[in-house]
Amino acid sequence: MSDRTTSDAAPEPAFSPSLGDTLARGWDERVDELPPEDWGRRRGQRRTGTVWLFALFITAMAMGHAWLSEELTGQAFLAWATIFTAISFQALPFLVFGVALSAALTAFVPASAYQRFIPSRPSRAVPVAGVSGALLPGCECASVPIAGSLMKGGVAPAAALTFLLAAPSINPIVMIATAVAFAGQPEMVLARFTASLLASVVIGWIWVRFGRADWLRPPARSHGPGESRWKVFRESMLHDMMHAGGYLVVGGLAAATLNVMVPREWLLTVAGAPVISVLVLSLLAILLSICSEADAFVAVSLTDFSPTAKLAFMVIGPIVDLKLIAMQAGVFGWRFVARFAPLCLVVGLLSTFLVGGLLL
Amino acid sequence: MNRMAQGLTLVLLGAAALTSTVATDLYLNWVKPGFGPFLIAAGVAMAVLGVLVIVAELRETRQEPEAEGVEHHGHDHSRAPGVAWLLLLPVVAVFVVAPPALGAYTVETTAGASGPPPDQPRSGRFDDGLVDAEPGEVVPMHIRQFVMRAWIDEERLLAGREVELTGFAVPTADGQGWYLARLQMACCAADAVVNKVVISGAPAPEADTWWRVRGRWIEPEGELSDVSEHGFEVVEMEEVTDPPDPYE
């Protein structure tokens, strides 16, 4: 028994000190600029240490697999683990795809190409970015790193943010999924497209007018001109994967916890109230953090709610949710998220009420 | 998190994705079958990227003696934030916990959420084989198709027909009877929706055991939309080993 406890405790030091450090330091600071903790130690030694740490981790997992798997029978824990793993693995391919595309944009597309395609005046660039969001299939997880690399390429931040919001909301896959889920209700597809595009563009314009550059931690990484493009590609992909991926797991943990903990009965009791039901489904969309490609199927299953409330679920989900907030914080910083997420929520809700009132 | 750790994490994550898809069918517990190829591609991409990073790092170590001192500047931009360690959690989940498909627990805890399926006004859209089947023939149906028929079909074509359903057993809240249930998944287990019917005419089997049940819909009196749960009268039932894809 004693060796069992040590074996599962072994990986702990790997998580806790670094996570604690990061929390204490504040997410906003540029970790990169701090002197490394092990300044002066030889890097070779450090690497060997890392390899040993991972060897220990893998051994601990093997022991955990041998002994713990049988012990883990708590029903609630297993349901939680299933949902966490499901969210992580559902998002992973999209994340890898988005990160690869973003790295390719960084490495192979010169900044001048963006200037040719996207108008230089931010107020004109915003609607262009919004409409181009309709072209790229991918979910939220993919669009965060892509928006980062657009900014690096010299696209106005407001336009890149509009793209970030529009791409997961109105891309062809999402539209098809919505049409399949709400078969026989084409007005719902139209309402979703209109409300999401409207919200994305309006948020972009608000950012043009009121946004301040220092709220946004620019994902600035200048690579020496001498570096090969493939190296830039590899480094950029690694960087985005590590930053966005860690936060994706945070979002997955939060969403899985809520999914298991929050009983759905209380949702049904409020379904009758017109405005409150819209707010409740918006809140649910934020908490559940379902991929935009799947949310239509969930929305259609919430049968007791009004069409406008379902629309809110599908408009708010792709632009504000826990997973997205965590990922945006990783790429752009918390100062940005603290302003951007509430803005998205308010504009998204207004747009939902407007379009829902007109079309549904 | 230094570069070596990042590379190793990616390799482990890739290995977890590949283990759950290529080596085992674990991924079916979490996502749709059609998602397998994407998971494999993502797993390969992550493992390759991880290996490339590790190789680059080892190569730099060998060249380090002459480059040392100069290299400290600007190299640490490649350190990842501490939160990236969390990427090891899915790895632990796959290799240590190996989460099973959602089952009776989820059905019990979402008891209140089960209601009539979405209002779909067009009745010509049932995807079950009821209309094509010969009269008297046993029609195999998903529980999803069955409850859809039961709640929406105002013509009540289901009445009197013999139907075969497959699902797992869930005891009812009062402990008296049991449901045959199956979870329907749109995308991943996080959005799973419960479909269930109340079984009568057979004693409750152990929770989470899988059964193939043949029997008839218990036609309710009054409006179909007022029914809170539909009943199923068993004629015959046999236990089945877990189907490879636990979701509908």
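Pro37(B) is part of helix α2 of chain B, which spans residues 36–67. In this predicted model, Pro37(B) counts as exposed because 11 C-beta neighbours lie inside 10 Å, and a residue with 12 or fewer is classed in this way. Gly272(A) is located in chain A, in the loop that joins α12 (265–270) and α13 (274–288). Gly272(A) also counts as exposed, because 11 C-beta neighbours lie inside 10 Å.

**Chain A**

Chain A contains 17 helices and zero strands. Of its 360 residues, 50% are buried. Among contacts in chain A with a separation of 6 or more, 86% are between residues 24 or more positions apart.

Helix α9 of chain A, residues 172–181, illustrates how burial is arranged around a helix axis. Its buried residues are Val174(A), Ala177(A), Thr178(A) and Ala181(A). These residues lie on the same side of α9(A), because the arc that they cover around the axis is only 100°. In general, residues three or four places apart in an α-helix point the same way, because there are 3.6 residues a turn.

**The nonpolar core**

The largest nonpolar core comprises 182 residues. Leu95(A), Ala159(A), Ala160(A), Ala244(A) and Leu180(B) are the residues with the most contacts inside this core. Helix α4 of chain A, residues 75–108, provides the largest share of the core, with 19 residues. Domain 1 (3–64 + 74–96) and domain 2 (104–240) of chain B both contribute residues to the core, which therefore lies between them. The C-alpha centres of these two domains of chain B are 41 Å apart.

Ala244(A), one of the residues with the most contacts inside the core, can be described through its surroundings. When residues up to four places away in sequence are not counted, Ala244(A) touches Leu95(A), Val99(A), Cys141(A), Val144(A), Pro145(A), Met327(A), Gly330(A) and Val331(A). Leu95(A), which is among these partners of Ala244(A), is likewise listed with the residues that have the most contacts inside the core.

Note on methods:
Residues are numbered from 1 along each chain as its sequence is written. Chains are lettered from A and ligands numbered from 1 in the order in which they are written. This is a predicted model: local features need pLDDT of at least 70, side-chain atom pairs count only at pLDDT 80 or more; totals for chains, interfaces and linings use all residues. Helices (H or I, at least four residues) and strands (E, at least two) are DSSP runs, numbered from the N terminus. A residue is buried if 20 or more other C-beta atoms lie within 10 Å of its own, exposed if 12 or fewer, and partly exposed in between; C-beta atoms are placed from the backbone. A nonpolar core is a set of buried Ala, Val, Leu, Ile, Met, Phe, Trp, Tyr and Cys residues joined through C-beta atoms within 7 Å. Domain bounds come from an automatic or database domain assignment. Two residues are in contact if their C-beta atoms, placed from the backbone, lie within 7 Å. The arc is that of the directions from the helix axis to the C-beta atoms.
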